[in-house]
Amino acid sequence: MDSLSVARRTVAAASLAAKEYAIGVAPAGGTVTAPEEVSEAKEFLEHARLDVGALPVAVRKTADAEMRAMVAMMDRLVPPDSVAARAGALIKRITTATGAALDPYPVQPPSLARGAAVFKEQCIQCHGATGRGDGPKARHLEGPPPADLADRTSMADVSPVDAYRKVTIGVAGTAMPEFEESLSAEDRWAVATYIATLRTDEGTARAGATLYAAKCATCHGATGGGDGPFASSISVRLPALRDLGVQGPLTDRDLEQLVLHRRPGVPMPGVVRALNPRQVSSLVAFLRVLPSAEHQSAPGSPEAATFAAVRRQIDSAVALRSDKVAFDAYMTFEQVETAVRARNPGLAADLEGAFALLRSRTARGAGDVELEATRARLLGDLERAERLVADRGSTPTLFMQSFVLLLREGFEAILIVAALMAFLGKAGATDKRRHVAQGAWAAVGASLVTAVLLELLFEITPGQREALEGITMLLATAVLFYVSYWLLSKIEVAKWNAFVKGRLEGALSSGSGFALASVAFLAVYREGFETILFYKALITSAGPTTAGAVGAAGAASSGAPAVVAGIIAGAVALLIVYIAIERFGMRVPLKPFFAVTSAMLYYMAFVFAGKGIADLQESGLVRTTVIEWAPRVPIVGIYPTVQSLSLQLLLVVLLLIAVVWLQRDRFSRTGQDRRPSFP
């Protein structure tokens, strides 16, 4: 074992010994209140002395002498503070000698799920499924019984660092083994964090989360980062409660004292100090799981965490019929109210009125029907508000969608023009190709004019912008789904190509250059119009991106750079493809190309469907009926409302029908010559 590992074990043993002794001896010393704790303290030190020879040379003699002195102090039953001071001095000397962190905290937040798995694999046989020390092996163990990890009183003096150290080096004099070699540091931190959940229950932690959102998040931030809205106005830097380096050394009792009496020199609102003991316990229970991976990754943003807390408080207000809890819910909403008002003053006013109505109805003891109607109204308005201020688009996703759109639609246009040119070549009318080129370029110009006119329509009707955006996205959904629908696309393209060929033959027989140009114009403009429609829907759906700030200038502007970058990249790719085909005779595998891009277009149709309904709900044209258990994943257009999920479910059903139909068509044509798919 290397000297750093031994140093960590020695520090852990000295710290745990001091804490166990403090539990077993009266504060003034001289009286033993828990003999088993004093015995454990001595065992920790005697066990650590066995490894002193592997410590750094500079502290070997000192460490051995200090631990012997601590055992002697325990024999004399000196006050625990004296032992703690001596242990602290020893730890400081060892830390200085090693020059390294002796309590390495995990790089990533510990996972409660992983902690539960480790506990089941390594601990359940002795400690039992609920941690009460009643596992199947418990009665057969020699020495003290396994610790009751679910006992709030005894565990109130055990910090996460203490739990981690005990898992690492074991507990001397008991059957608790060490896991330093068999478990990674990450797993030891995971199980140490999970242990904190055994002495509480989900309801208590949820109540603590609600209290935290109402009383603490304005300063400490929704996820405990010390970055709440009021943090910048405080003269001292607030600790990041989600950081194990901050919480790890503190016991539950330490946290309770900090909540009730605050740390000297740090401003703490009086409302926190007015909490009753049960509320303080629930708040501490939530703080214990705040550093976990589940709580750090659950909310997509601090605003999302605030909205989640508001919903929990509304549920509590209705269940308890408490106007005080309803007022707390409104105070939590105030953390995001300014952002909502900046984007939609009318919605902010509606929410204020709904919160006031909830307070008045709970105060006068309204019936279930009235309260449920108010709750449903609040949940619907909160869903709309959260979309405005909490949703974030993904810059890489927007870029890729934009790139694929232009590549797919542009490639189709290139193929159409190439087909027209090839037909003229076979017909011996190569001199007519210039008319096709003229028609194609005219279609490009007309497409640009269409884009300008469409944007102008949005600008001159600002009052109907949400409705127009919603309709545009739903129209784009229909077209995208139709284009991406494998079987129907093959049928549609075959008919379209036959139509173009017929028009081209008619134009050739008439000898009119204008007729030839009009055929090319019609074919290319169709692709151009689709592209404009898709890009308008894409920019509308972009919203604020993770790479940019959320501003009142509008959602479209923040997502536009990623879309424009995708257009540029797509144009470059199209140019490369064109040169490769024209100059080097490269053959593009059409079937795989259109299969992959069709899948991307279907994904975009799914996203646009959800966001299109969301815009129509924002405009008031569609109701907002919240499904409380449904997920909320804005980046893929999933919102917990009946209306949006119904349309997306329809798209999924239609996709399954398309896949089944396609497979049936393939089997029916087995052994026959098949026309190359386009797409």
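Predicted model: local features only at pLDDT ≥ 70, side-chain atom pairs only at ≥ 80, totals over all residues.
Residues are numbered from 1 along each chain as its sequence is written, and side-chain values use heavy atoms, with hydrogens and water left out.

Back to the rings. The structure holds 10 aromatic pairs. Rings of Phe, Tyr and Trp (its six-membered ring) pair if their centres lie within 6.5 Å; planes under 30 degrees apart count as stacked, over 60 as edge-to-face, the rest as tilted. Tyr-164 and Trp-189 are stacked, at 4.2 Å centre to centre and 10° between the planes. This pair links distant parts of the chain, 25 residues apart. Tyr-164 sits in helix 8 (residues 160–169) and Trp-189 in helix 9 (residues 185–198). Helices here are DSSP runs of H or I, at least four residues, numbered from the N terminus.

How do helix 8 and helix 9 pack? Their angle is about 130°, with the axes 9 Å apart. Axes are lines fitted to C-alpha atoms, for helices over the stretch in contact, and angles run from 0 to 180 degrees between N-to-C directions. Helix 8 and helix 9 are therefore oblique: under 35 degrees counts as roughly parallel, over 145 as roughly antiparallel, 65 to 115 as roughly perpendicular, and the rest as oblique. The crossing of helix 8 and helix 9 is right-handed.

Who touches whom? On the helix 8 side, the contact includes Pro-160, Val-161 and Tyr-164; on the helix 9 side, Arg-188, Trp-189 and Ala-192 are among the partners. Contact means heavy atoms within 4.5 Å. By class, the contact has nine nonpolar, one polar and one charged residues. For the record, Ala, Val, Leu, Ile, Met, Phe, Trp, Tyr, Cys and Pro count as nonpolar, Asp, Glu, Lys and Arg as charged, and the others, Gly among them, as polar.

Ser-159 lies in the loop between helix 7 (152–155) and helix 8. Its relative accessible area is 1%, so Ser-159 is buried. Leaving aside neighbours within four places in sequence, Ser-159 contacts Lys-19, Gly-248, Pro-249, Leu-250 and Thr-251.

Helix 19 (residues 345–363) and helix 20 (residues 368–389) pack at about 155°, with their axes 10 Å apart. Helix 19 and helix 20 are therefore roughly antiparallel. Helix 19 passes helix 20 in a left-handed crossing. The residues of this contact divide into 11 nonpolar, three polar and six charged.

Last, two loop residues. Leu-77 has phi near 55°, a positive value in a residue other than glycine. Leu-77 is in the loop between helix 3 (60–75) and helix 4 (80–98). At 21% relative accessibility, Leu-77 counts as partly exposed. Arg-321 also has phi near 55°. Arg-321 lies in the loop between helix 17 (302–320) and helix 18 (323–343). Its relative accessibility is 34%, so Arg-321 is partly exposed.

Note on methods: Left-handed = near helix turned anticlockwise from the far one by under 90°. Buried < 20%, exposed > 50% of the residue type's maximum accessible area, 1.4 Å probe, protein only.
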